[in-house]
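Visitor: I would like to learn how to read a model like this one. Where do we begin?
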Amino acid sequence: MTDRIGPLHGAGGEMMEKLLRERILVHFKDCHAGRIGLTELDDGATVDLPADGEAVITTDSHVVKPIFFPGGDIGRLAAAGTLNDLAVMGARPIALTLSLIIEEGFPLDSLERILASFSKTLAEAGAVLVCGDTKVMGHGELDGIAINTTGIGIASRAVSDASISPGDAVIVTGTIGDHGMALLAAREEFNLASPLSSDVAPIWPMIARALEVGGIKGMKDPTRGGLAAALNEMASKSRATIEIEEGRIPLRREVLGLSDLLGISPLEVANEGKAILIVEDDKAEEILAAIRSHPLGEDAAIIGHVTDEYPGRVVLATEVGGRRFLDMPLGDPVPRIC
Amino acid sequence: MTEPFRLTDPDRAKTLTEAISLLAPADPVKIVHVCGTHEVAIAHNGLRRLLPETVTILEGPGCPVCVTPASDIDAAIAIARTGAIVCSFGDMIRVPGGRASLEEARSEGCDIRTILSASDAVRHAKDTDREVVFFAVGFETTAPMTAAIVLDDPPENLSVLASHKLIPPAMGALLDLPDHGIGGYLAPGHVSTIIGLKPYREALDRYRIPVVIGGFEPLDILYALALILRQIADGTPKVENAYPRAVDDGGNPAALRLIDEVFEITDAAWRGIGTIPSSGLVLRERFESIDARKRFDIPEAGPDEGIPGCRCPEVLTARAVPSDCPLFGRRCTPLTPVGPCMVGAEGACSIWFRYGERRTP
């Protein structure tokens, strides 16, 4: 077998069969969420659903530059992205699909690294891969690789992002802006050496602890558009005001430094291992403690409250004591990072 | 171990805002700054909310691409249409000229290149036999870089379309407007590192107005504002340096020598303001061979025509804030800019839009 993806790898014949058996399936062991799973290579998979609760389904496509970045790669990003969308719906992830679109000439060892990383990330959240698909596109028709994943999770009652009200507290589960800034630093054109790494991780195990406490009114993962976009979406859907305090937002020193250097706000870049929780105020401390009891949530903090001063808007109280609106970012300042 | 001194320290900020409140006059006072970086710092930190109601602060002509006359952009486009490569900074390429922007010219097939520094233009010229033109804009901060490439034996196919401007004469020009209402100037830290204090005295002493040079951190700005208000309270207007950790009173003599060697001072057209005496830089006659205006035979331009409905001229002269304009945030946004102040990253409208700056909260 050659060491690069060729057109025949996507043609459905022997070459594709060999690629599947020898390079892809080897990375996935337990592949069942029901009677029929990935191992059977059937036309579909089955998923066992419990009698009570709600099934939650979500889908996401991932492209990223560079494909391997400090702290992760597109495989971990694709898995965590879908797992985390389920987690912030309050759903325990159970099964994922994996659709690979690969450019002709893509190195097979890179593909295997990506799949191993995808598989490891699924295991961290206790979910399994149940079916998949592979397509090959011609050289120059795609930049390396694109991955689509769909995920199914189970929630006793799914948490929406549209039912917050004045008085609620706002929690973030850790430092903000790490993924976006790490990727910016890793881009060749900036030629920067930075100790930053992406926060990409599946957050379900941490979120599960918070859900046990109860009192969670809304959740969202601040990916594209960062904290600013996620908060604006929540404020706007509930016609509420979210007021946060700049001085309470957990930020790494390296993120702040890079943000000053590049003129890009850490509040507007992606996070891939964080969540925003909007919770009943009298449960806030207990929920915060539950989040902090998990290693991913060590830096969690209460950063503000919901009010009714400016419906649909986010207000930032600045560190020096000023106030300003924190609006929806115009566009992602870091294109193609998630 | 003691905490490092932070220029965002809330306690020190509180001390300064208390001083500002004590010093603020009972009557409204309008303070004007002339630097996009100041406006970003003010909006980003919500500093307007820390000032007493009687104290307002506005950006004047502080965005270099915003004040570049449409006729210079038209000249750059005319040059590009001859087949030459035109290089300029990112924002400049998006600003509309009389009819089109350089970006639109690029979509027609002109070779327009975005560069990050003057030396990139030299690099482009070395890589080709075609004519390369550096469209040089900016205040006293960028002029020394342009001067340096002119003096450093540039490739023969490189020429410079110079549109550099000087800040202190523009500050004076605003005070000549009948309805200016300006009570004091927060002078730009970056420009001042180059020019020092003297050019402000030469341009502004006769107006008897407080001028305080300020840095760009929240405490720098609050401190400079406090000094301006103290001058007003004491009735002792003068040029004062509140940013001595970066600005020497004499400026940067090496940079000033470079500017003087390459350029002479001339009257210049400012977008939205008009012609201001002795406010621009043109290449000296001995550098005629590298002057794109001569090489491409660019005619003298007439005055700019305004953009219908756009209040950039009033914003650039600190007679309006961006949200006073009926187009602001509606027809005119950073994605669909109508006037230059919404294009330039240092333009007041662009900054107010990006930071959600309004008269409230």
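Guide: Begin with domains. Their bounds come from an automatic or database domain assignment. This model is predicted. In chain A, the assignment gives domain 1 (7-155) and domain 2 (169-325).

Visitor: How many Å separate the centres of domain 1 and domain 2 of chain A?
Guide: The centres lie 27 Å apart, taken over C-alpha atoms.

Visitor: How many residues of each domain of chain A are in contact with the other domain?
Guide: Contact here means C-beta atoms within 7 Å. By that test, 21 residues of domain 1 of chain A meet 21 residues of domain 2 of chain A. On the domain 1 side, helix H2 (74-87), strand S4 (92-103) and helix H3 (108-125) of chain A each supply at least two residues. H2(A) gives the most, with nine residues.

Visitor: What classes of residue make up that side of domain 1 of chain A?
Guide: Eleven are nonpolar, six polar and four charged.

Visitor: What is the mean pLDDT of chain A?
Guide: pLDDT is the predictor's confidence in each residue, from 0 to 100. Chain A has a mean of 92, and 96% of its residues reach 70 or more. Residues 334-338 of chain A fall below 50. Beyond near neighbours in sequence, this stretch still has 20 contacts in the model.

Visitor: Now the other chain. How does the radius of gyration of chain B agree with that of a compact globule?
Guide: The rule for a globule is 2.2 Å times the number of residues to the power 0.38. For 361 residues, that comes near 21 Å; chain B has 21 Å, so the two agree. Its C-alpha atoms fill a box of roughly 65 × 50 × 45 Å along the principal axes.

Visitor: How many helices and strands does chain B have?
Guide: Chain B has 17 helices and eleven strands. Look at its contacts too. Of those between residues at least 6 apart in sequence, 76% join residues at least 24 apart.

Visitor: What share of chain B is buried?
Guide: A residue is buried if 20 or more other C-beta atoms lie within 10 Å of its own. In chain B, 55% of the 361 residues are buried.

Visitor: Which residues have the most contacts inside the largest nonpolar core?
Guide: That core has 129 residues. The residues with the most contacts inside it are Ala76(B), Val86(B), Val133(B), Phe134(B), Phe135(B), Leu161(B) and Leu225(B). Helix H12 (residues 218-234) of chain B gives the largest share, nine residues. Take Val86(B) as a case. Leaving out residues up to four places away in sequence, Val86(B) touches Ala76(B), Ile79(B), Ala80(B), Leu102(B), Ile112(B), Val133(B) and Phe135(B). A second, separate core has 88 residues, including Ala80(A), Met89(A), Leu115(A) and Trp204(A).

Visitor: Is Leu151(B) buried or exposed?
Guide: Count its neighbours. Leu151(B) has 12 C-beta neighbours inside 10 Å, so Leu151(B) counts as exposed. Leu151(B) is found in helix H8 (residues 143-151) of chain B. Beyond residues up to four places away in sequence, Leu151(B) touches Glu261(B) and Val262(B).

Visitor: Last, the two chains together. How many residues of chain B are in contact with chain A?
Guide: There are 18 residues of chain B in contact with 13 residues of chain A. On the chain B side, helix H1 (residues 10-23) of chain B supplies the largest share, three residues. By class, that side of chain B has ten nonpolar, four polar and four charged residues.

Key: Residues are numbered from 1 along each chain as its sequence is written. Chains are lettered from A and ligands numbered from 1 in the order in which they are written. This is a predicted model: local features need pLDDT of at least 70, side-chain atom pairs count only at pLDDT 80 or more; totals for chains, interfaces and linings use all residues. Two residues are in contact if their C-beta atoms, placed from the backbone, lie within 7 Å. Helices (H or I, at least four residues) and strands (E, at least two) are DSSP runs, numbered from the N terminus. Ala, Val, Leu, Ile, Met, Phe, Trp, Tyr, Cys and Pro count as nonpolar, Asp, Glu, Lys and Arg as charged, and the others, Gly among them, as polar. A nonpolar core is a set of buried Ala, Val, Leu, Ile, Met, Phe, Trp, Tyr and Cys residues joined through C-beta atoms within 7 Å.
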